[in-house]
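Here is a short briefing for a first look. Have the sequence and the model in view as you read.

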Amino acid sequence: ASQVGYSRWNDPKQGTKYGRWYAELVGESYYGQNGVAYCAIFASWVFAQAGAKCAGLPGAYCPSMLAIAKRSGATVPVGSATAGDVVYFDWGSDGDSDHVGIVVENRGSYLVTIEGNTSSNSSGSQTNGGVVARKERPYSQVCGVVRPSYTESSGATSAALDVDGSIGPLTVMEWQRQCGTTVDGVISGQI
């Protein structure tokens, strides 16, 4: 909630503070540049700041993040969404996730969320508006709700090691963190 009001248009540096963080995390400078959509990166940043785990996070591409969460069995029905859940939206009713936010409250037929890279009102771009805002979204726009694993005792499985859906740099970095070796995203001579 402390990030509501952040605007990429007012950030004096290249890109967004979330994109710069993600670029450093994954070692890809692209994410720290201007014009990079950051809704997924914002959600990833929030969870990293909280030290919480959620299937599909960290990530930068909503469709693959939601696919990872579905494969891990972390999705719940929209009617069961609760504060702290990650929610994916489908603007075109085509089955593809276009945007992501974090649930603040479930009001029965719609969710109150906090989202990165949206518009502060309904007339601006909902997917690439450039600000962090509190929004109200009807259930009909939701294509997936993911329940995070807020405690280690909440049933962590081997899927917790699968961060990016493949043996990519995010998964390797998670393996390295859990093994206590150098965290660089590269499979090399760690002992």
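Buried means under 20% relative accessible area, exposed means over 50%, and partly exposed lies in between (1.4 Å probe, protein chains only). This is a predicted model: local features need pLDDT of at least 70, side-chain atom pairs count only at pLDDT 80 or more, and totals for chains, interfaces and linings use all residues. Residues are numbered from 1 along each chain as its sequence is written, and side-chain values use heavy atoms, leaving out hydrogens and water.

- Tyrosine 30 counts as partly exposed because its relative accessibility is 46%.
- Tyrosine 31, at a relative accessible area of 22%, is partly exposed.

**Phenylalanine 47**
- Helix H2 (residues 39–50) holds phenylalanine 47; helices (H or I) are DSSP runs of at least four residues and strands (E) of at least two, numbered from the N terminus.
- Phenylalanine 47 has a relative accessible area of 5%, so this residue is buried.
- Beyond four places in sequence, its contacts (heavy atoms within 4.5 Å) include Val86, Ile102 and Pro148.
- Proline 148 is 101 residues away along the chain, yet the two C-alpha atoms are separated by 9.3 Å.

**Strands**
- Strands E2 (residues 86–89) and E3 (residues 99–106) run antiparallel, joined by 4 bridges; pairing needs at least two DSSP bridges.
- Valine 86 stands opposite isoleucine 102 in E3.
- E3 also runs antiparallel to strand E4 (residues 110–118), with 4 bridges.
- Isoleucine 102 faces isoleucine 114 in E4.
- The E3–E4 hairpin has 3 residues between its strands, and glycine 108 in the turn has a positive phi of about 90°.
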